[in-house]
Amino acid sequence: MPYSHFNQPLVVANVHNLVTEILANTISFNETMDKLNGLYYPFMNHLNTELFYTQPALAFLNSTQTIVGDTYPENVIWNHDKTQRFIKILSCYKNDIDNERQAFIYQESHNKRELKNYVHSLINHYSRLLFIRIDLKYVKETSHHVSIEDFDYHISKFRDLIGNKKTCFEHRQGYAWALEQGGVEGGLHCHLLLMYDGSKIQNDWYLAREVGEKWKMVTGGLGEYYNYHDKKTKQDYERNGKLGIGMIHQNNPIEVENALRTALYLTKPEKVDQYLKVKVSGMRTFGHGTFRTAKRRGLPPIAK
């Protein structure tokens, strides 16, 4: 596996996975040694002390540095002895890693409650809402050009477009987003939910495509997207009784239940392998709009 060609987020993701596999005792000694030799140099080469890393990545850094010190990374060879020492030292960080995992589960549970209340409020306020679900990601062949700083910049610019409520966001009444990193390939992506006034706009497939094309524009062509709103995908959901996208009517309990399930996919505490393994300072990984605003029609004025 050509680790040297991995980009920064993918290197960190592989290091994170290696550490969790070692601590879970699901990887052989020889495989650990091979991965150490493949990952140590690119990890150190990409290391940026201004970024925030997960506890497994920090445990990897601290454990390796205890063994090799200031030796130039390109000169380090992980032999049997060094690998054995690395595994032993790594066990000292197990509590920190477990605590981070529990903190993630707690935060996701909190986000889930918040999102459920927010979406409930919107559904109760509008007789019908058009639910749009789309995944924003990067073209696999060129994803090695994308750093976590790039991802943060692209997402910030895209959220600005959502907030401006122009072009394909004009009749948006609500939104939520969640940033994740694939567990296997380490791909950075964003799960996006947009809710539109169903009395103003109806064509969900076309709208989702327009949103996806905006993402491609923001990323300078590095981005791609997955549109859930094609006919076959919606028919499959409907056949299984789980269609929660498209037009959702307030007076249809099944549609409402499915829409909530769709929304809450953005906050699943059990997806512990998909949180970001490296972040920019102050980087948020989840957010949603505000229901109670001065511009929301049909609500009493906000007291000053």
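Reply: The buried residues of H6 pack against quite a list of partners: helix H1 (8-23), strand E2 (128-138), strand E3 (172-181), strand E4 (188-197), helix H7 (204-218) and strand E7 (278-279). Here, contact means heavy atoms within 4.5 Å, and buried means under 20% relative accessible area, with over 50% called exposed and anything in between partly exposed (1.4 Å probe, protein chains only). The helix and strand labels are DSSP runs numbered from the N terminus, with at least four residues of H or I for a helix and at least two of E for a strand.

A word on what you're looking at: this is a predicted model, where local features need pLDDT of at least 70 and side-chain atom pairs count only at pLDDT 80 or more, while totals for chains, interfaces and linings use all residues. Residues are numbered from 1 along each chain as its sequence is written, and side-chain values use heavy atoms, leaving out hydrogens and water.

Back to H6 itself. The helix covers residues 148-164, so to speak a run of 17 residues, and spans 24 Å from first C-alpha to last, close to the 24 Å expected at 1.5 Å a residue (the expected span is 1.5 Å times one less than the number of residues). Its buried residues are Ile148, Phe151, His154, Ile155, Phe158 and Ile162. They sit on the same side of H6, because they cover an arc of only 120° around the axis, judged by the directions from the helix axis to the C-beta atoms. There's a simple pattern behind that sort of thing: an α-helix has 3.6 residues a turn, so residues three or four places apart point the same way. Just past the end of H6, Lys165 has a positive phi of about 55°.

His154 is worth a stop. This H6 residue is buried, at 8% relative accessible area. Leaving aside residues up to four places away in sequence, His154 touches Tyr138, Trp215, Val218 and Thr219. Val218 is 64 residues away from His154 along the chain, yet their C-alpha atoms are separated by 6.2 Å.

E4 is largely enclosed by the rest of the structure, since 10 of its 10 residues are buried. E2 is mostly covered too, with 9 of 11 residues buried. E2 and E4 run antiparallel and are joined by 8 bridges (two strands pair if DSSP finds at least two bridges between them). Within E4, Asp197 is the bridge partner of Leu129, and Leu193 is that of Arg133. E4 also runs antiparallel to E3, with 9 bridges between them; there, Tyr175 stands opposite Leu194 of E4.

With strand E5 (residues 223-227) it pairs in the antiparallel sense over 5 bridges, and Ile134 has Asn227 of E5 as its bridge partner. Strand E6 (residues 246-249) is antiparallel to E2 as well, joined by 4 bridges, with Met247 of E6 as the bridge partner of Leu130.

A search of the whole structure turns up 1 cavity of 30 Å³ or more: on a 1 Å grid over the protein atoms alone, a cavity is a set of points where a 1.4 Å probe fits but cannot get out, and lining residues have an atom within 4 Å of a point. The largest cavity holds about 40 Å³ of space; that volume is the space filled by probe spheres set on the points, which are joined across faces, edges and corners. Its lining is made of Leu136, Ile155, Phe158, Arg159, Ile162, Trp177, Cys190 and Leu192. H6 and E4 are the elements that give two or more residues to it, and H6 has the largest share, with 4.

Zooming out, the chain has 9 helices and 8 strands. Of its 304 residues, 46% count as buried. Its C-alpha atoms fill a box of roughly 70 × 50 × 35 Å along the principal axes. Among contacts with a separation of 6 or more, 73% link residues 24 or more positions apart.

Conventions. On a 1 Å grid over the protein atoms alone, a cavity is a set of points where a 1.4 Å probe fits but cannot get out, and a pocket is an open set with protein on both sides within 12 Å along at least five of seven lines; lining residues have an atom within 4 Å of a point.
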